[in-house]
Structures are given as C-alpha cells and as structure tokens.
Amino acid sequence: MKGVWPGLALGLCLLLPLQSTGKDNPTAECSWLHERIEALEKAIKQGDELGTREELARWRVEFNKKECQRYDY
C-alpha cells in the first residue's frame, strides 16, 4: 500500500497538464464557427443587415451548444 500512494500522486500530477491542453486547441468545427461569427459581426458593423443578424444568432446558438467558448482563439 505504501508504494501505491506515491505512484498515484505522480500519476495525478502528470494528468493535470493534460486537462488544460484541450483549451488551446479548438476543434475544426469550433474554429469555423468562431471565424464565421467574427465575419458576420464585421459585416453588421459595415452595414450588411440582410439576414445577417438571423444567421449570426443561429451560429451563436450552435457555438454555445457545442461549448466552443472554452477554447482559446
């Protein structure tokens, strides 16, 4: 039993950095959604209103549903 605890502690220490590595690397789908949302926001600022707000709302819902906000962009 004495040998198990140090090994378990070491294993947990090695796994902790793995939890944060996913935050740096978004999935391809999340990256696409993020880029699309940015493009639509830019289009709205430039005056494009024809269906843009509806599309932006739809992609934001999808972005949140897939929990894409947890990644770094």
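A disulfide is a pair of cysteine sulfur atoms within 2.5 Å. This predicted model holds one disulfide. Its chain has three helices and zero strands.

**The disulfide**
- Cys30 and Cys68 form the link, with their sulfur atoms 2.0 Å apart.
- The angle about the S-S bond is -70°, and the link of Cys30 and Cys68 is left-handed.
- Cys30 sits in helix α2 and Cys68 in the segment after α3, so the pair ties together parts that are 38 residues apart in sequence.
- Both Cys30 and Cys68 are buried.

**The nonpolar core**
- In soluble globular proteins, nonpolar side chains tend to be buried together.
- Here the largest nonpolar core has 10 residues.
- Among them are Leu33, Leu40, Ile44 and Tyr71, along with the cysteines Cys30 and Cys68.
- Two elements, α2 (28–45) and α3 (52–65), each give two or more residues to this core.
- Helix α2 gives the most, with five residues.
- Which residues does Ile37 touch, leaving aside those up to four places away in sequence? Ile37 touches Leu56, Trp59, Arg60 and Phe63.

**The chain overall**
- From the N terminus on, the elements run α-α-α.
- Buried residues make up 18% of the 73 residues in the chain.
- The chain exposes about 5800 Å², and carbon and sulfur atoms supply 60% of that area.
- Among contacts with a separation of 6 or more, 61% join residues 24 or more positions apart.

How values were computed:
Residues numbered from 1 in each chain as written. Predicted model: local features only at pLDDT ≥ 70, side-chain atom pairs only at ≥ 80, totals over all residues. Heavy atoms only, no water. Helix = DSSP H or I, 4+ residues; strand = E, 2+ residues; numbered from the N terminus. Buried < 20%, exposed > 50% of the residue type's maximum accessible area, 1.4 Å probe, protein only. Contact = heavy atoms within 4.5 Å. Areas by Shrake-Rupley, 256 points an atom, 1.4 Å probe, with all protein chains shown as cover. Core = buried A, V, L, I, M, F, W, Y, C linked by side-chain atoms within 4.5 Å.
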